[in-house]
Amino acid sequence: MSVGFLLIHARPQRAWSAILSWFLFAAGLAAYLWVAQARHRENPEDRVTPTLAQMATGMYNAVMQPAEEDEAAPPAANFYDRLSHSMLWRDTRATSRRFLLSLALLIPAVLLGLHMGLFPYVGVFFLRFVLFFDKIVALSLLPILFIAFGIDELSKIMLIVIGVTPTIILDSFNLTRGVPPEQIVKAFTLGAGDFDVAYRVVLKQVAPRVLNSIRLNLKAVMLFLFAGEMIASTDGLAYRIALLRRHMGMDVIIPYVLWVALLLFLVDFAMRTVNRKLHPWFHEA
Amino acid sequence: MLIHIEDVFVAYGSPPRAVLAGINLEIEEGEFVCVLGQTGCGKSTLLRLILGSEHPMRGRILVDGREHHQPDRTRGYVPQKYSLFPDKTVLDNITFGCEVSEFGLFARLTPAFYRRRKQLRAEAFDYLQRIGLRSCDAKKYPDQLSGGMQQRVAIAQALMTKPRILLMDEAFSALDPGTRRGMQQLVRDLWKATGTTILFVTHNTDEALRLGTRVIVLAKESVDQGSRIAMDLSVPAPCGDEEIPSLVRRLELVSESCAL
Ligand SMILES: Nc1ncnc2c1ncn2[C@@H]1O[C@H](COP(=O)(O)OP(=O)(O)OP(=O)(O)O)[C@@H](O)[C@H]1O
Ligand SMILES: [Mg+2]
């Protein structure tokens, strides 16, 4: 370590960077284990801080056995059968379905934002309303949605749509507005029509930024999805977490929380990779 | 009369400050008009008016006898900045005009499109050579090129669609003297071969005299007045080396003295 430690011009070596970047993970884990051990020494029945072994058992059961309310798989079933009937798999599948459905619903939102930014009449028609809609706290609508759409899938999807689409619409609108007017004029002088300009010039240019904006909003999508699942649902990851809270099932809750984080990370990573592959010209700021 | 500009007035901002005031200009088919003027005097604005992407507050602009309310294929444009599409390779940038004007959004899915694209690419390679880029540059994206290379690609892109009128805004400003002379020659040759009407904005008086058949100078008479045409010089034959220094001095004097 040289003179420049902690200053702007410091250049951490690779090994140091690696150690420092993992340090907080290690510290967090160590602190947890230490607390868990201390609590178990005092009270072997402690349920608040399960040990690693307890979490592993809890997770093994979640992966290999069906949820209590379901009928068990035939005893002679093989590994894959048991996996596909398991609690974790069923919950993950239910949550992912809702998640992907909501992501698909963001595509029209992007297109609406694009048209609002390019076509003045579409812009004046929608902009004020979307701005207003954006300010509604989506969670405060939850009771209304349950009353209006019932407590099944539709209300949960609607919650996500209402919570996230205004942001995506406004973001694509702003990104569209940010395209230099010279580009649009130039496209027209080359013989492009209005829709060529919209889809072949502007949309292609803003696409990587729009994808990044969706990536930033994945967290919000997940937040609204979890709120819906926790309050009214019969399956899904958040439903399970809410259910296990009643039994103080920390040995499953903690692995579930980490599993959700991992899934979200993988989705984000996949989108980033796709973005890079599709738009090699784009340099992330 | 190809371009007819009649008593045009443009102001920007609030309170409005005049940029162009009382511009009258007639341009015949096949002329090569160079536009000179100090920075901020409204040269780019004049080009945008002819393109139809902006409209005058007073007066009117007729191109080919009628007013145009939006840019179209008859008037090619090489803007001062942001001239290339960042998401397309050099080759795709050059062929974009022909592709987009010949094939609609869905016609791109037909085999005819791919046959035509092959021809267009061959033509684009030809242009690439003429503007002095190597064929390995064809697959690069605009921000992998130097400023001068980008300018040359932008010119090739505008030339591909063979517009009747070509508006170039400081198209050679980022080129070194040698490359600049090459590009001047190229533009001059293409102008002779195709008979395109060219409006060429530049800050280089010498260049204007060597390229154009006509040089106009935009200048303000006082700070709060809009620019008008302070001088309109016709250059029937390219100037010889002896006349240029005196003409340059005269033009620059007009451009500067008006601004005082
Ligand atoms: N959209 C706009 N809004 C407000 N003012 C503008 C706008 N566009 C141009 N102007 C003003 O109009 C004047 C002329 O601008 P223009 O770009 O035409 O200058 P120019 O002659 O091309 O200058 P340069 O040689 O530096 O390119 C400038 O003073 C500029 O501030
Ligand atoms: Mg300019």
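The model is predicted.

**Ligand 1**

The shell around ligand 1 holds 13 residues. Thr39(B), Lys43(B), Ser44(B), Thr45(B) and His203(B) are the closest. By class, 7 residues of the shell are polar, 3 are nonpolar and 3 are charged. Helix 1 (residues 43–51) of chain B contributes the most, with 4 residues.

| Residue | Atom on the protein side | Distance to an oxygen atom of ligand 1 |
|---|---|---|
| Thr39(B) | side-chain N or O | 2.5 Å |
| Gln80(B) | polar side-chain atom | 2.9 Å |
| Cys41(B) | backbone N or O | 3.3 Å |

On its own, ligand 1 has 630 Å² of accessible area, and the protein covers 60% of this.

**Domains of chain A**

Chain A splits into domain 1 (14–49) and domain 2 (87–278). Their centres, taken over C-alpha atoms, are 35 Å apart.

**Aromatic pairs**

Over all chains, 14 aromatic pairs are counted. One of them joins Trp22(A) and Phe25(A), with 5.0 Å between centres and 50° between planes; the pair is tilted. Both residues sit in helix 1 (residues 14–42) of chain A, 3 residues apart, so about one helical turn separates them. Trp22(A) is exposed at 56% relative accessible area. Phe25(A) is exposed too, at 58%.

Phe119(A) and Phe195(A) also form a tilted pair, because their planes meet at 35°; the centres are 5.7 Å apart. This pair links distant parts of the chain, 76 residues apart. Phe119(A) lies in the loop between helix 4 (87–118) and helix 5 (120–135), and Phe195(A) in helix 9 (residues 194–231) of chain A. Phe195(A) is partly exposed, at 47%.

In chain B, ring pairs connect Phe32(B), Phe172(B), Trp191(B) and Phe200(B) into a cluster.

Key: Residues are numbered from 1 along each chain as its sequence is written. Chains are lettered from A and ligands numbered from 1 in the order in which they are written. This is a predicted model: local features need pLDDT of at least 70, side-chain atom pairs count only at pLDDT 80 or more; totals for chains, interfaces and linings use all residues. Side-chain values use heavy atoms; hydrogens and water are left out. A residue is near a molecule or strand if one of its heavy atoms lies within 4 Å of it. A polar contact is a pair of N or O atoms within 3.5 Å; within protein, one must be able to donate a hydrogen and the other to accept it, and residues adjacent in sequence count only if both atoms are side-chain atoms. Accessible areas come from the Shrake-Rupley method with a 1.4 Å probe; for residues, only the protein chains shown count as cover. Helices (H or I, at least four residues) and strands (E, at least two) are DSSP runs, numbered from the N terminus. Ala, Val, Leu, Ile, Met, Phe, Trp, Tyr, Cys and Pro count as nonpolar, Asp, Glu, Lys and Arg as charged, and the others, Gly among them, as polar. Domain bounds come from an automatic or database domain assignment. Rings of Phe, Tyr and Trp (its six-membered ring) pair if their centres lie within 6.5 Å; planes under 30 degrees apart count as stacked, over 60 as edge-to-face and the rest as tilted. Buried means under 20% relative accessible area, exposed over 50%, partly exposed in between (1.4 Å probe, protein chains only).
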